[in-house]
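Here is a short report on one protein chain. Look at the sequence and the model first, then read on.

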Amino acid sequence: MKANCISCQEMVNAGNNPLLGKIITCPKCDARLEVVWLEPLELDWPTDEYDDDDDYSDEDY
Ligand SMILES: [Zn+2]
């Protein structure tokens, strides 16, 4: 399955059975893209970019 890179619009191949949340890398611009929808395949910026920043607490709840 393929989708357009949201950074450079290049067609990116996510494999035959991509999973939601799978991270793929655009071969053209090196952007990290997360599979957020499957039919049609849709890519978005990964949501785990802030994993190395522990300043956030659970105050949302
Ligand atoms: Zn790209």
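Val12 touches Lys2, Ala3, Cys5, Ile24, Cys26, Leu33 and Leu43, leaving out residues up to four places away in sequence. A contact means that two C-beta atoms, placed from the backbone, lie within 7 Å. This is a predicted model: local features need pLDDT of at least 70, side-chain atom pairs count only at pLDDT 80 or more, and totals for chains, interfaces and linings use all residues. Residues are numbered from 1 along each chain as its sequence is written.

Val12 also belongs to the largest nonpolar core. That core has five residues: Ala3, Val12, Leu33, Val35 and Leu43. A nonpolar core is a set of buried Ala, Val, Leu, Ile, Met, Phe, Trp, Tyr and Cys residues joined through C-beta atoms within 7 Å. Buried means 20 or more other C-beta atoms within 10 Å of a residue's own, exposed means 12 or fewer, and partly exposed lies in between, with C-beta atoms placed from the backbone.

## The chain overall

The protein chain has zero helices and five strands. From the N terminus on, its elements run β-β-β-β-β. Helices (H or I, at least four residues) and strands (E, at least two) are DSSP runs, numbered from the N terminus.

Of the 61 residues, 8% count as buried. Among contacts with a separation of 6 or more, 21% join residues 24 or more positions apart.

## The sheet

Three strands form an open sheet in the order S3-S4-S5, with antiparallel pairing. S3 (23-25) and S5 (41-44) stand at the edges, each with a single partner strand, so one side of each has no neighbour in the sheet. Neighbouring strands here are turned by 45 degrees against each other on average, direction ignored.

S3 and S4 (residues 32-38) pair in the antiparallel sense over three bridges. Strands pair if DSSP finds at least two bridges between them. Ile24 stands opposite Leu33 in S4. Both residues are also among the contacts of Val12.

## Loop residues

Ile6 sits in the loop between S1 (2-4) and S2 (11-13). Ile6 counts as partly exposed because it has 15 C-beta neighbours inside 10 Å. Beyond its neighbours within four places in sequence, Ile6 is in contact with Leu33, Leu43 and Asp44. Ile6 and Arg32 are 26 residues apart in sequence, and their C-alpha atoms are 9.9 Å apart.

Asn17 lies in the loop between S2 and S3. Asn17 is exposed, with 8 other C-beta atoms within 10 Å.

## Backbone details

Where is the cis peptide bond? It joins Glu39 and Pro40, with omega about 5 degrees. Pro40 lies in the loop between S4 and S5.

Gln9 has a phi near 70 degrees, a positive value in a residue other than glycine. Gln9 is found in the loop between S1 and S2. Gln9 counts as exposed, with 11 C-beta neighbours inside 10 Å.

Asp30 has a positive phi near 70 degrees, and is likewise a residue other than glycine. Asp30 is placed in the loop between S3 and S4. With 10 C-beta neighbours inside 10 Å, Asp30 counts as exposed.

Note on methods. Axes fitted to C-alpha atoms, helices over the stretch in contact; angles between N-to-C directions.
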